[in-house]
Amino acid sequence: MITKLSKFKDSWLIKVLLTLTALSFVSLFGITSYIGSAGKNNPVIEVGAYKVNKSELNEEYMHELQMASNLFGNDVEINEAMKLAILQNIIQKDLVNGILAQTAQKLGVSISDAYVRNVIFSQAEFLDADGRFNKEKFNRLLALSGWNESKYIDTLKQDIIKQHLVYTMVDGFNFPDFMKSYLEKVANQRKVFKYIVINNDNLKIDREISQEELEQYYQDFAVQFTEPEKRDASFIVLSVEDIAQNITPSQEEIQAYYDAHIDQFVTPEKRNLLQMVFDNEDEAFKAAQRLNNGEDFYKVAQEMAKQDKSATELGWVAKDELIADMGDRMFSAKVNEIAGPVQSDMGWHIMKLIGVQAKKEMPKQKAHAQIISEIRKAQAYDLAYEKMAQIEDEIGAGKTFADIAKDNKAKIYNVMGLDESGKAKSISKGQEKLLKSTDFVDAVFSYNPNEVSQVLEEEDGFVLVNVDKVTEAHPIDIEQVRPQIVEIWEANERSAIAQEIINDVTHDLENGDNINDVAARFKLKLNTTKPLKQNENFANLNALQMKEMFQEALDTPKVFNMDKTNVIAIAEKSMMDNKKLSKEELNALQAKATMEILQENANNLVDAYGSDFKINIDYKEAGLSDI
């Protein structure tokens with residue numbers, strides 16, 4: 001099952017797409033805005049009691065497409081092959097998660113919220129400069145991810161379970177050193193290959209599509225030839241920044257803020273100190289005597305306190321950062337004056353003053369603009385939530401969208417032809433980012449025409465939506481999509497012709513015919529490679545396919561289907577180099593072999609777990625009926 005689903009496309013772009021990981025983070029930290037959207041529909045994946053419905057699969061698929069689009073922009077087209085690879089990857093991931101979730105339940109393995117919280121709180125990307133969990137960074141990454149907190153926590157739990165049930169079980173394998181010589185032989189093996197390339201696009205079709213076939217394809221691919229539901233909507237945006245501009249703090253509020261945050265406006269006097277610390281009082285006084293005799297502070301600290309330069313330099317400190325006695329003495333001392341020894345819980349201290357920074361204070365008048373900005377920022381959110389609650393009440397009382405916009409002096413924006421994927425025919429300039437908001441798109445599709453939505457909280461403020469027009473999903477006229485149907489039909493025809501040629505060629509090769517004769521018989525171009533090593537390739541075969549070719553016996557035909565290109569190949573000749581590999585090269589081969597074995601063991605372990613459960617995948621429902 002796992003192997004069946006791992007036949008992905010092989011371009012570098014698809015490999016990058018398949019490494020995209022969705023950040024997903026609600027209940028653990030009290031965010032309550034997310035509401036699960038799993039619909040009542042047929043399950044696509046079933047592993048025992050574990051189910052993934054079509055709506056859940058579609059949600060994952062649309063999110064991955066959006067991430068791919070965001071990553072590559074408009075410069076790279078996400079074609080059908082890439083979309084298929086993304087969908088296959090999602091199904092494989094969900095299948096593995098289902099197997100491990102059921103296995104964990106069977107074995108009584110559970111992951112507590114407290115454990116997950118500790119993991120999140122320790123993740124570097126969520127920590128501030130002092131190494132503490134930063135909620136703002138967390139929320140910012142949450143917003144950028146396009147996921148919600150609940151999804152993130154679920155994903156994190158799945159990864160932890162995977163770590164315990166799979167990777168911990170297979171970890172620890174070490175490829176034995178005595179096998180390095182065999183790895184060297186494999187690395188030095190070379191083979192000559194002969195191959196035939198059949199490109200579907202070069203094959204000729206000797207007939208045209210019939211009307212009956214046209215209508216049959218139109219029915220079979222009805223979903224593809226359906227115009228999705230689209231909506232036009234009006235919306236207003238109440239930005240927190242605009243709300244803040246209407247706030248005028250009083251002089252009393254300004255004074256209160258200044259007093260409460262005096263540390264922001266006053267920098268206390270600081271002094272630059274050297275320090276040496278002793279456990280023994282006698283040693284401390286001996287050191288003080290040497291200093292009083294004029295010896296260098298660094299030299300005495302090194303010889304008597306065993307301190308290097310960095311340990312001796314205490315740096316710039318405020319008075320309240322020193323032990324009480326030394327605070328008073330050092331902040332009344334003159335530059336180059338020495339004080340001590342003075343005892344603390346840490347030992348006997350001797351200090352020297354080498355620099356002074358005077359106290360700095362920003363007058364309230366100079367801080368006036370900054371204070372007003374901070375007060376506005378703090379009050380704006382409170383005022384905004386009050387405004388949001390007020391508007392909610394007005395909507396409940398039947399107030400119209402136009403009246404709400406007028407009362408709040410808000411500009412009315414428009415989005416035209418929006419579909420559920422977030423694509424729109426047009427949207428008012430400057431509001432394009434709302435198309436990436438799932439809350440905004442959901443609101444447009446959750447209300448009837450002329451209904452006013454609830455207030456939506458967005459990154460920069462609040463949004464209110466009014467649905468203007470609904471264009472229902474409807475079939476596109478068959479004549480309008482005739483070119484698309486013909487294109488699909490021709491691709492299938494060429495594929496069928498190619499498969500017929502492949503069947504004839506492989507039949508003759510498996511019956512012992514020479515590939516030179518077979519190629520000539522079918523008028524196909526035969527290619528011959530130079531002697532190749534396993535890390536080289538021909539005909540754009542990937543590393544896994546080259547590995548298969550090296551494992552096959554000579555003259556054994558292999559067929560590789562790569563989108564519209566088919567390769568029929570045999571290994572004609574094998575030889576061995578005598579090159580001695582360096583220690584670094586052998587270590588790299590050993591590491592690679594170890595990783596391959598670990599991955600194979602992990603796959604086998606997941607397959608073994610899966611054998612305990614009834615597994616069903618509805619490929620047709622998932623859109624993968626050809627797998």
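These legends describe close-up views of a predicted model.

**View 1. Strand 3 beside strand 19.** Strand 3 covers residues 189–199, and strand 19 covers residues 565–576. The two run antiparallel and are joined by 11 bridges. Which residue of strand 19 is the bridge partner of Phe193? The partner is Ala571.

**View 2. A cis peptide bond between Gly340 and Pro341.** Omega for this bond is about 10°. Pro341 belongs to strand 9, which spans residues 338–344. Most peptide bonds are trans.

**View 3. Lys409, a loop residue with positive phi.** Most residues other than glycine have a negative phi. Phi of Lys409, however, is near 50°. Lys409 sits in the loop between helix 17 (401–407) and strand 12 (412–418). Is Lys409 buried or exposed? Lys409 is exposed, because its relative accessible area is 81%, and the cut-off for exposed is over 50%.

**View 4. Asn540, with positive phi in another loop.** Phi of Asn540 is near 65°. The loop that holds Asn540 runs between strand 17 and helix 21. Asn540 has a relative accessible area of 67%, so Asn540 counts as exposed.

View 5. Helix 22 covers residues 583–610, 28 residues in total. From its first C-alpha to its last, helix 22 reaches 40 Å. That is close to the 40 Å expected at 1.5 Å a residue. Several residues of helix 22 are buried, among them Leu586, Gln590, Ala593, Leu598, Ala602, Leu605 and Tyr609. An α-helix has 3.6 residues a turn, so residues three or four places apart point the same way. What do the buried residues of helix 22 pack against? Their partners are helix 3 (80–107), helix 6 (149–170), helix 7 (180–188) and strand 20 (615–617).

Definitions and conventions
Residues numbered from 1 in each chain as written. Predicted model: local features only at pLDDT ≥ 70, side-chain atom pairs only at ≥ 80, totals over all residues. Heavy atoms only, no water. Pairing = 2+ DSSP bridges. Helix = DSSP H or I, 4+ residues; strand = E, 2+ residues; numbered from the N terminus. Buried < 20%, exposed > 50% of the residue type's maximum accessible area, 1.4 Å probe, protein only. Expected span 1.5 Å × (residues − 1). Contact = heavy atoms within 4.5 Å.
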